[in-house]
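Here are my notes for your review. Please read them with the structure open.

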Amino acid sequence: MTAAVPLCAIVPPYVLDRLAEDGHEPAARSLALDAVHRTARLTAVADRPGSTPLDRVIADAAHAERLPGRTVRREGQDPVTDQSVNHAYDGLGATYALFADAYGRRSIDDQDLRLDATVHYGLHYDNAFWDGRRMVFGDGDGVVFGDFTACIDVIGHELTHGVTQFTAGLEYHGQSGALNESVSDVFGSLVKQYALRQDAADADWLIGAGLLAPGVQGVALRSMKAPGTAYDDPRLGKDPQPAHLRDYVRTAQDNGGVHINSGIPNHAFYLLATALGGPAWERAGRIWYDALTGRRLPATADFTAFARATVAAARARYPEPAVADTVTAAWARVGVSAG
């Protein structure tokens with residue numbers, strides 16, 4: 001793929017904006033760094049190094065703001081003393097495993113792309129992002145956010161932006177951007193569920209559980225089970241995600257609310273996965289994967305277009321009508337018609 005790639009970061013800009021307005025210096029510095037990387041990513045195109053099915057390279061920026069940093073662990077090497085390095089290495093592997101084992105995908109580009117990551121980026125950097133070439137992790141400030149390598153679903157989320165980059169290429173604004181974010185939440189959650197071998201009924205359906213520092217009033221960045229309930233904190237504000245189309249947030253911020261309105265398709269997936277039962281990466285995840293990679297989804301797809309693509313994918317893969325009917329019903333419960 002040679003198109004421009006947006007900066008896809010796990011912490012929404014409206015969260016960092018609020019913290020910065022309250023004088024939280026690490027958030028203000030993180031926003032400034034995000035702006036620099038967002039400009040640089042307009043021309044970012046991933047190369048395709050790598051010669052083995054799973055090939056990971058972890059670098060350490062040593063708190064500098066230069067990428068990629070010094071290589072500290074390569075594929076097959078033993079764990080090191082730095083747990084951020086090991087967490088990143090393991091998270092990349094867990095993401096690779098889900099896509100390879102469940103969907104037969106050879107790395108995020110399906111052509112054995114090497115998985116590169118940099119840890120310890122910047123000083124107290126409050127974010128993690130996929131830049132079109134690599135994963136980049138901050139350590140967090142220790143006051144609001146902890147180490148971003150510690151959450152396997154955060155790693156799965158960001159790498160899935162790469163899968164979307166190489167498949168549907170969903171444009172990063174409005175409803176197509178909310179779908180881009182939602183797809184990353186879906187497969188980020190599935191990475192965690194697959195690693196833990198959890199059924200849909202047993203999963204927490206939280207994105208970034210454990211990322212918020214002690215004392216922050218919240219459990220995660222987002223909840224797929226109950227959008228809008230992940231946090232309610234004097235510093236962060238209240239989680240603004242809607243769970244239904246009637247509450248769709250129209251805003252010029254956050255690329256038209258891509259992190260906010262992703263709660264609607266997120267909840268549709270949760271409803272589908274729990275209605276179908278069993279491991280969510282199987283039927284529910286397979287349907288979403290087929291819709292994303294089927295080459296029929298336009299880059300400007302809105303919620304209705306994606307819903308219809310998932311119904312079509314369900315009909316194509318599962319002959320029993322009940323599966324497609326369950327997909328349709330899940331979308332209907334969030335106010336999206338898949339008819």
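1. Start with the pairing of strand 2. This is a predicted model. In it, strand 2 runs parallel to strand 4 (residues 115-119), and five bridges join the two. Within that pairing, Ile-58 stands opposite Ala-117 of strand 4.

2. Strand 2 has another partner. It pairs with strand 3 (residues 70-74) in the antiparallel sense, over four bridges. Here the bridge partner of Ile-58 is Arg-73.

3. Now the cover of strand 2. The strand spans residues 56-60 and is mostly covered, with five of its five residues buried. Arg-56, Ile-58 and Asp-60 point one way, while Val-57 and Ala-59 point the other way. In a regular strand, side chains alternate between the two faces of the sheet. Please look at Arg-56 and Asp-60, which are among the buried residues.

4. Check the loop between strand 2 and strand 3, where Pro-68 sits. The peptide bond from Leu-67 to Pro-68 is cis. Its omega is near 10°.

5. Two backbone angles deserve a look. Asp-254 is not a glycine, yet its phi is positive, near 55°. This residue lies in helix 6 (residues 254-257). Is Asp-254 buried or exposed? Its relative accessible area is 7%, so Asp-254 is buried.

6. The other angle belongs to Arg-295. Its phi is near 65°, again a positive value in a residue other than glycine. Arg-295 is in the loop between helix 8 (283-293) and helix 9 (303-317). Arg-295 counts as exposed because its relative accessible area is 83%, and the cut-off for exposed is over 50%.

Methods
Residues are numbered from 1 along each chain as its sequence is written. This is a predicted model: local features need pLDDT of at least 70, side-chain atom pairs count only at pLDDT 80 or more; totals for chains, interfaces and linings use all residues. Side-chain values use heavy atoms; hydrogens and water are left out. Buried means under 20% relative accessible area, exposed over 50%, partly exposed in between (1.4 Å probe, protein chains only). Two strands pair if DSSP finds at least two bridges between them.
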